[in-house]
Amino acid sequence: MCGIVGYIGPKNAYPILLAGLKRLEYRGYDSAGIALLNGESRVYKCKGKVSDLENYVIGKDISGTVGIGHTRWATHGEPNDINAHPHVSMNGLFIIIHNGIIENYSRLKRKLEDRGYTFTSDTDTEVLVNLIEYIYMKGQVTAEIAVRLALTKVIGAYGILVTCKDEEDMIIAARKGSPLVVGVGDGEYFFASDATPIIEHTNRVVYLNDNDVAIVRRDEITFKTVMNVKITPIIQNLDLDIGEIEKGGFDHFMLKEIFEQSRAIEDTFRGRISHNPFNIHLGGLFHVMDKLINAKRIIIIGCGTSWHAGLVGEYLFEELARIPVEVEYASEFRYRNPVILPDDVVVAISQSGETADTLAAIKLAKEQGATVIGICNVVGSSIPRETHAGVYTHAGPEIGVASTKAFTAQVTVLSMIAMLLGHERKVISESEYQSLVSALIEIPSKIDIILKDISEIQKIADLYKNSNNCLYLGRGFLFPVALEGALKLKEISYIHAEGYPAAEMKHGPIALIDQNMPVFVLATKDKSYEKIVSNIQEVKARKGIVIAVVSEGDTVIKGLADHVMEVPLTDEALTPLLAVIPLQLLSYYIAVLRGCNVDQPRNLAKSVTVE
Ligand code: G6P
């Protein structure tokens, strides 16, 4: 989704903005632009990558100590040079960059056209900047008042930075729905959609809340609401290491993040498990523990990979804690008038903590009286601030658009909650609890075993890189992993892939199987092992190619399948944490061999902040 950066201070803004835009590339975008102010304003923008913008400005005036920059992910109007941000108001007084959607833009646009405004782009953003200018000129008010008044007239979501020609030493930032962070430096201020571009300059940040406006001058920063009520900002010290958001010798962020999974899982349970005997402590859930233990139902919501983690959660909560679970796409949940009962607990899962549909679903659940728990990765993001309680995954920044370590960290948190609930509700015995926690502690070293030799996975990637379609099959705990494996392949290699419960294969997908169809089967030793062996035989009988993820030492499937990828044995409930790793790697290598942009796949965004 769109990325925003801004700078005001004593230094040249251009290099800071450029570096910031590069840090935000991971969010997904199709065009980029900047505005620099230095007695006069200059706007440079173009379709394509930040590197295209960099080439475009060669030889041009890039001076200025105030500036704003943007990466655009198209919503209104195709990706092209004109629709790229920044947008300048018709009389050149205001410049804006915007992340979000102005829903009532066409009505506002008509009104402005009636008053003589003309538009050059197809964007909703140009409507907003012209509205600000119209109010400024017509009402003879200050720039700050014009921005605030304009914002009271828009319906929708925005994170914006605005500059005004008449007050060049000022940037106005405002947020509703779309994230925005202000970095407080020494005599300088930074702005960004998330903290990644800021932390190399300062670790002191203020997260804007909905309806907050920051009026930032070189020597002064004022926070107020859109309705002009002053606010005292909470300055947070971020504990984020710059090394964590760099590639660290790997070719891509995705590969780095796949290899970081043992560390990410360990960090996620670190400090939350005590030894002798084992016990799980989740401080963030402390005050909702009674609600959870007595929940009549748990509703898990999320999107994309987080939804897949939620599906694993369903198996975990039902198996270990015997609480009925429903897993919902946040986008469906929020629009279908869901029945939420007083004893329901809603668990919202999100890596970014900013996904617009998940955020809206949380608000709906809260309005209906539900207790809402968040499982998020980005500290200080919108979802953890909106939920009643929660558990952070400590996976560290995830930059690759295809989620990997966030998924396994989410499943780790879900496993811990399920084990804790199962123990508290006396569904699992003390010895089962001890053995599950001990199995979880062993997961990181088992992941390292998988990652130690990936030559077979690379070989399989090479053999099947030109496939047009792939099928992923799994049962029980591994059905969600089949879905996740298929999603990983689709996202980054653009090969059509479908995940299915293995038994459902007979009700449709089996018709597709022939000698050209690779079928990835999750077939580790668990209670449906015999059944999955039969499914493999059904595929082979139709000349399909079987590539199976098996438990180490398996000989039966080795004799049946075309290829196997081994994972160590663990408790069945924790197998998703291991079985997903070969599938992530396989997608990665297939995408690399196909020459795809692994970290920034076409059309996708890391953080989907629009509906
Ligand atoms: C986008 C990303 C996915 C992610 C999904 C949900 O589609 O590309 O990787 O799983 O959003 O994001 P969230 O931040 O809520 O987990």
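The second largest pocket has 26 lining residues, and C303, G304, A605, K606 and V608 are the ones nearest its centre. Before I go on: this is a predicted model.

Several elements contribute to that lining. Those giving two or more residues are α9, β19 (344-350), α11 (356-367) and α16 (479-493). The volume of this pocket is about 490 Å³. Its lining splits into 10 nonpolar, 11 polar and 5 charged residues.

What takes up the space of the second largest pocket? The ligand does.

Now the ligand itself. There are 14 residues around it, and S306, S350, Q351, S352 and T355 come nearest. Helix α9, residues 304-321, gives the most to this shell, with 3 residues. By class, the shell holds 8 polar, 4 nonpolar and 2 charged residues.

In S350, a side-chain N or O atom is 2.6 Å from an oxygen atom of the ligand. With Q351, the backbone is involved: one of its N or O atoms lies 2.7 Å from a ligand oxygen. V401 also uses a backbone N or O atom, at 3.1 Å from an oxygen of the ligand.

Notes:
Residues numbered from 1 in each chain as written. Predicted model: local features only at pLDDT ≥ 70, side-chain atom pairs only at ≥ 80, totals over all residues. Heavy atoms only, no water. Near = heavy atom within 4 Å. Polar contact = N/O pair within 3.5 Å; in protein donor to acceptor, adjacent residues only side chain to side chain. 1 Å grid on protein atoms, 1.4 Å probe; cavity = no way out; pocket = protein on both sides within 12 Å on 5 of 7 lines; lining within 4 Å. Sits in = over half its atoms within 2 Å of the grid points. Helix = DSSP H or I, 4+ residues; strand = E, 2+ residues; numbered from the N terminus. Nonpolar A, V, L, I, M, F, W, Y, C, P; charged D, E, K, R; others polar. Points joined across faces, edges and corners; volume = space filled by probe spheres on them.
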